[in-house]
Amino acid sequence: MQLTIIKPSVLSTIQDMGRWAYLSQAVPVSGPMDSLSARLANIALGNTEEAPVIEFTYGAAGFKVDTPAVIAYAGEGAILKFGNQLLPANRPIFIPVDSIISLQNSSRGSRTYLAIVGGFDVPTVLNSYSTYLPAQIGGVNGRALQTGDVLTSKENLTALNKVLINSLSGEHIAYPNWSVSKSAMGLQNTNVIRVMAGPETSWFDSSSVDRMLTSGFILSQQSNRMGYRLKGPVIERINTSELLSTAVTMGTIQVSGNGELILLMADCQTTGGYPRIAQVASVDLPLCGQLKPGDQIFFKQISQAEAEMLYIEREQNLQKLAATLHARFL
Amino acid sequence: MQTLREYFPQLIVYPLNEKAITLQFGNTISANLLTQVTTVNQLILENPFPGLVTTVPAYSTLTVYYNPLKVYQSDLDGLYCFQKVSNCILSLNIPNSQKKITAQPPVIIPVCYGGEFGPDLEEVAAMHKLSVEAVIDIHSTAIYTVYMLGFVPGFAYLGGMDKTLASPRKATPRASVPAGSVGIAGEQTGVYPLQTPGGWQIIGRTPLSMFDATRTQPSLLKAGDRVQFEHISAREFKNYQAT
């Protein structure tokens, strides 16, 4: 299967579940900003977890299907349309040859994930398909997608891929009446982000920590795949020691020299030297990945044990979802 | 034989998130801590527990990433993943006869100092009332140690610069510093692996690729390596690039 990018969005890149093997050489993880949506798009098609997808940032994008194709999309950045026909998210969709599909901006979020049966066929770089622009590695020649890029799907298909292709293929756009939805994963659209205490929380004045947990913070324009600068009350330090550079990860909330919060995201550095006041619970990172400049968020503290239980529950739900589809069709 | 817990009674262990645990050996930059972090890193990588993903050594910490679902489903001792992983790591046995780390010869990094490659060399020399030659001599005589990698792919934090060369960062960072640029910031020196914005005083450039995704080990340097800079001419620089 093959498609051609007619118009890329502000930023469109190929991503998989991340480049984990070279962190000790300071190569960032990368991967989707909203990994839950990326995974749901793959699950809806019966793809493997590793299948590379396209991450579109906002809409105003489009592609042409050069061969009959079965795709799925998930996320909050855009709605897919064929002419005036809305294409539903979170389920496999058969698209006939030569159809032009557009991505129309959605106000609900910022990122949309497009999966194709088998996954997009790009080479692995350092054990991952993910695009990391600063080092120009992964995806399509280490760069963002451009008009005219031709993307094909891998030929190695799963049994479920084949069943879905056979059941949907025809002359017209076709999709089933079931879907794999985010709400079934226990994730509500909310602006309350759950966090755990960070390793350096005690470096901050307790009233500052209280303010962080009670005030709203607004995503600034200086926000990208590496991280978000958050505007809100200034966070004051009582311990002014220098933190020796140490590991940071997606969801780490650092406090910069001027008391501003920085929320690290998918392309963040492997290590950092700003004190870490909090850490976003992994289950809520997909919410963060859908934020856009101007959005307001609040933080709510939970314990490490609670965050871990929520994580295990989410992973088990995703496994069950994939197993349910297999049981239904195979 | 002693366990990690017995061997490092001062060790602090904390969760980074649900997928990573950090072991903190101290909070200074020292050769002793570098050895401890390197030794324990090797021990964990040679005795992987179920669900181990990767490790990130830093100055005084070692962070261990894991797959929580695999750890949860494993029979490691503990209620939560954090406990399971920390119990497992802390009960690893430190071998009595620790492998003697034989000092490898330093990695030689050729550098063309000054001129278009090192636009701040004269400023740095003037700052310290030294000749340009003296700065080059001091910088290329020392043997440096790679303490950790971070910041961008392949960036090595080097220790061991002669303090007479310590220089403040540039008041206004450059929008773009070419890959291979050798810089000084405070008491640190280092090489930019990628073209990035940067505020370091740039005194030279190496023709070597500090990071190349097509190599088996993409980063030229790794934690624990020793490094020496070798003064080369602009012509030798061009020859290096040609080969």
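I began at the domain boundary: between domain 1 of chain A and domain 2 of chain A there is one salt bridge (a side-chain nitrogen of Lys or Arg within 4 Å of a carboxyl oxygen of Asp or Glu). I looked up the pair, and the side chains of Glu55(A) and Arg225(A) make it, at 2.9 Å, N to O.

Housekeeping: this is a predicted model, where local features need pLDDT of at least 70 and side-chain atom pairs pLDDT 80 or more, while totals for chains, interfaces and linings use all residues. Residues are numbered from 1 along each chain as written, chains are lettered from A and ligands numbered from 1 in written order, and side-chain values use heavy atoms, without hydrogens and water.

**Domains of chain A**

I noted the bounds as 2–181 for domain 1 and 192–310 for domain 2, from an automatic or database domain assignment. Their C-alpha centres lie 29 Å apart. I found 27 residues of domain 1 in contact with 16 of domain 2 (heavy atoms within 4.5 Å). The two domains bury about 1,500 Å² between them, 52% of it on carbon and sulfur atoms; that is accessible area (1.4 Å probe) lost on being put together, summed over both parts.

**Helix 1 of chain A**

I went to helix 1 (35–45) next, as one of the elements giving two or more residues to the domain 1 side; helices here are DSSP runs (H or I, at least four residues), strands likewise (E, at least two), numbered from the N terminus. The helix is largely enclosed by the rest of the structure, because 10 of its 11 residues are buried (under 20% relative accessible area, 1.4 Å probe, protein chains only). Among the elements its buried residues pack against are strand 3 (53–57), helix 2 (159–168) and helix 5 (304–329) of chain A. At the helix start, a side-chain oxygen of Asp34(A) comes within 3.2 Å of the backbone nitrogen of Leu36(A). Just after the helix I saw Gly46(A) with a positive phi of about 75 degrees.

**Chain B against chain A**

I then turned to the chains: 41 residues from chain B and 42 from chain A take part in the contact. About 3,400 Å² is buried, with carbon and sulfur atoms giving 65%. In chain B, Leu16(B), Glu18(B) and Leu69(B) lose the most area to chain A, together 19% of what that side buries. I looked for salt bridges across this interface and the rule finds zero.

Methods. Buried means under 20% relative accessible area, exposed over 50%, partly exposed in between (1.4 Å probe, protein chains only). A polar contact is a pair of N or O atoms within 3.5 Å; within protein, one must be able to donate a hydrogen and the other to accept it, and residues adjacent in sequence count only if both atoms are side-chain atoms.
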